[in-house]
Number of protein chains: 2
Amino acid sequence: MPQSRPSPRELLMNASMGDSPSVPSAFRHWFEDARKSIYTHVERVPLASVTGWHCDPDAPALTHHTGRFFSIEGIRTHHAGGPVEHWDQPVINQPETGILGILVRRIDGELHCLMQAKAEPGNINGLQLSPTVQATRSNFTGVHRGKSVPYLRYFREAGAHRILADSRQSEQGTWFLRKRNRNMIVETAEEVPAAEGFRWLPLGELLGLLRFDDLVGMDARSVLACLPFPPDAPASPPGGRSGTAPLLSWITEARSRIEVTTERVPLPRLERWRRDPLAISHESGRFFDVIGVRVKAAGREVAAWGQPMIAAHGTGLVAFLVTRVEGVLHVLVRQRVEPGFVDVLELGPTVQCTPRDHESDSGTGRPRFLDEVLGAGPDRILFDTVLSDEGGRLFHTRSRHLIVETGHLPEPPGYRWTTPAQLSALLRHSHYVTMQARSLLACLHALEHPAYGTAEAGRGEPS
Amino acid sequence: MPQSRPSPRELLMNASMGDSPSVPSAFRHWFEDARKSIYTHVERVPLASVTGWHCDPDAPALTHHTGRFFSIEGIRTHHAGGPVEHWDQPVINQPETGILGILVRRIDGELHCLMQAKAEPGNINGLQLSPTVQATRSNFTGVHRGKSVPYLRYFREAGAHRILADSRQSEQGTWFLRKRNRNMIVETAEEVPAAEGFRWLPLGELLGLLRFDDLVGMDARSVLACLPFPPDAPASPPGGRSGTAPLLSWITEARSRIEVTTERVPLPRLERWRRDPLAISHESGRFFDVIGVRVKAAGREVAAWGQPMIAAHGTGLVAFLVTRVEGVLHVLVRQRVEPGFVDVLELGPTVQCTPRDHESDSGTGRPRFLDEVLGAGPDRILFDTVLSDEGGRLFHTRSRHLIVETGHLPEPPGYRWTTPAQLSALLRHSHYVTMQARSLLACLHALEHPAYGTAEAGRGEPS
């Protein structure tokens, strides 16, 4: 490892890369250099004047004039027995399945990842680290009229290489309607040079960069989460509480029991949503706005365009409570029902909310375990960083990522202690683990990587 | 095993249970006895006079007056690049997820299954063997106004027992729109007496009954297919052609590439479908009819009712080509796109068609491998029995089930050699293996069961 080993304390900080001594200087120079040639200038514009889009105030949906890319539509969700039984909202509809792929290669025995410095209009800080390939089908069929996608052939002809991960995974089901991307990790034995704007990073170094705010992008975290965790020690007795059969049965039971349906509703008829020239917003001021932007970009396929985006209100919070059971790390996951999921529910973080929406709530009105994670002392906080959501559709939308150690708590209905290896096994398949939980799993990979190993920090094992 | 071991030759026959010496007489007496008290009388009636249903000629869909149970609706399917790119058809819409459950118990070391003799209106021969529980949600919420479902608690409180299988599996995607049932096998340690119409059968005996025409029902076969096959010998090198990662990647690639969508169309506007008083039929005379029946039943929850049903034209054919690779049985599965599937495609039989529709076809017009399976000599036919489709919705609808041994053939696009253990691993999850392939897997379980072991018959291994 070329970098110095950071102290556990350093790992706990929301750090700014610019002044951290633990960022390898070669990476820092490359990234700062990329910033000069790869950037976007983004300007908010009235919705009705988004170039290339049909965004009239009475439009049932916001659509591109080609009918491609994506659209903003209205949906009404029915979830009988849920905490809210019916609600309306706008949602991003992008039915095609894109590819998010990281090309990896073993160099001197260590896995290296080919990462891209990419500017997206929604990024709060311009440049973030993206997978080798981040391509919608429009990208590879040429609707963008842009350049061909570098390195795409390694993923489209993945059978010629070694496939470490290849499954379709959901995006956030509160913002995207049944959107999924193909998350791929492909190992090549070829010596593949890094093109301009790309860099081979040792896996340990890349995972270490997760502790800097808004540096490793959402798509990169989604794919990194699909790296398998080492298998658990020999399985517990079959049929036992912690085995895979009961875990799958728990998911099957809930997916069979819960009925959630969505129907399309024209945007102007969404209840409790209002449109003004600049945004479609909820009357409570909560949730998110649909806004319009004009983008000028250098270093990506097309130089200037307009588009609508979703801008969340307030910084989100996503958190895992973790504990050790007989020495094995366990993560408390929660079944989450979201309207955009393909299959009823997926497993999400222990806590997921926008804390400022709950400032005046008390007692049972507060999200479960919110106080547990926000009130944890520094010795129990294993990870604490603010990371960005995907900047191609989401504008300045970010979540604080917390991993907090706790004792063994009983599981309320809908919650379950699982091991990272069990979640890895689910991630070989589609639609089991939410984007937010995957993002936290990428952070857990950083904690468990031998270069850091700070999951030891607050473990409190007998010495 | 109480029964005599059948000869391989006997296993090849389409047998009628009545005169077969290999049916244990205790089972035969019980089953013939049950026939006296459990039966349905079914009469075809004009669609417009199905009791309790809205089936006017101009009805956009055929619906029950309560709005429950199921409906017959019209859909238009678009499958860009498929063999047929657009088509219309009626389809059964039953969105709720029911339970198909077999309760099992070890008696003197052998697994026994609690099976039910059940009469369904569509059964060609009245009584067939069903799972312990075969319940729609309407059954357990009481919409049927019928008796409570026996043994249901073992499945609704499965966590108190040992769960051997619990996943949602599709029904036929050409007849059912996104219908799935929860397929469960639950092992109890309790001594559970068999109620009237139920019987504990040793697994070997039950599997042996699969070789009799129309005896083991579709739902029972669906659940039996979820019994795990023994794992393969230690995995081949990771990333190899036959590993699980390439198999999953093959499915992910196709599901990401293929775009298939359905939209609702009112029944009277379905192109190429016609309605006369007795049926909705395709103008070619192929595929299936939607018909109406009046049912009088004894031995089930409700004594008399009317309903629409689907009646397929001609006996279907479903077939697996199998081969041995280095001593390990392999099955040639095919990716099938059907409009009713939840997730684009599932893995189906090597061959699935209605042979009489292809009598006048020749050369490339004939389904691939159809001649290979129909032309196989008796020494290569490991299994050959006609089995019924689900008689609650499908009227006298049956398929010949063939398992044919072959040499190792190259895989055309969309086909792949897999092991039964790999298919078992997929069956722990939902929506990977079609109903027809599961039905054949149940037959493969019969061949591989130590009580029969006739997969040896035509194996032609060096002696």
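**Notebook: salt bridges and the A–B contact**

Entry 1. I began with a pair inside chain A: Glu73(A) and Arg264(A) form a salt bridge, with N and O 2.5 Å apart. I took a salt bridge to be a side-chain nitrogen of Lys or Arg within 4 Å of a carboxyl oxygen of Asp or Glu. Glu73(A) sits in strand E4 (residues 71-79) and Arg264(A) in strand E14 (residues 260-264) of chain A, so the bridge ties together parts 191 residues apart in sequence. Helices (H or I, at least four residues) and strands (E, at least two) are DSSP runs, numbered from the N terminus. Glu73(A) is buried at 14% relative accessible area, whereas Arg264(A) is partly exposed at 49%. The cut-offs are under 20% for buried, over 50% for exposed, and partly exposed in between (1.4 Å probe, protein chains only).

Entry 2. I noted what kind of model this is: it is predicted, local features need pLDDT of at least 70, side-chain atom pairs count only at pLDDT 80 or more, and totals for chains, interfaces and linings use all residues. Residues are numbered from 1 along each chain as its sequence is written, chains are lettered from A and ligands numbered from 1 in the order in which they are written, and side-chain values use heavy atoms, with hydrogens and water left out.

Entry 3. I looked up the salt-bridge count over all chains, and the rule gives 46. I then picked a pair in chain B, Glu43(B) with Arg294(B), whose closest N and O atoms are 3.5 Å apart. This pair links distant parts of the chain, 251 residues apart: Glu43(B) is in strand E1 (residues 39-45) and Arg294(B) in strand E17 (residues 288-298) of chain B. Glu43(B) is partly exposed at 43% relative accessibility, and Arg294(B) is partly exposed at 36%.

Entry 4. I turned to the interface. Contact, meaning heavy atoms within 4.5 Å, takes in 26 residues from chain A and 26 residues from chain B. The two chains bury about 2,500 Å² between them, 45% of it on carbon and sulfur atoms. Buried area here is the accessible area (1.4 Å probe) that two parts lose on being put together, summed over both.

Entry 5. How many salt bridges cross between chain A and chain B? I found 4 by the rule. In one of the bridges I looked up, Arg168(A) meets Asp343(B) at 2.7 Å between the closest N and O atoms. That pair runs from strand E10 of chain A to the loop between strand E20 (328-337) and strand E21 (345-348) of chain B. Arg168(A) is buried at 1% relative accessibility, and Asp343(B) is buried at 6%. Asp343(B) also bridges to Arg180(A), at 3.5 Å between the closest N and O atoms. I recorded a network of salt bridges that links Arg168(A), Arg180(A), Arg255(B) and Asp343(B).

Entry 6. I checked which elements make up the chain A side that touches chain B. Strand E10 (162-170), strand E12 (180-187) and helix H7 (244-257) of chain A each give two or more residues to it. H7(A) gives the most, with 9 residues. By class, this side of chain A has 5 nonpolar, 9 polar and 12 charged residues. Nonpolar covers Ala, Val, Leu, Ile, Met, Phe, Trp, Tyr, Cys and Pro; charged covers Asp, Glu, Lys and Arg; the others, Gly among them, count as polar.
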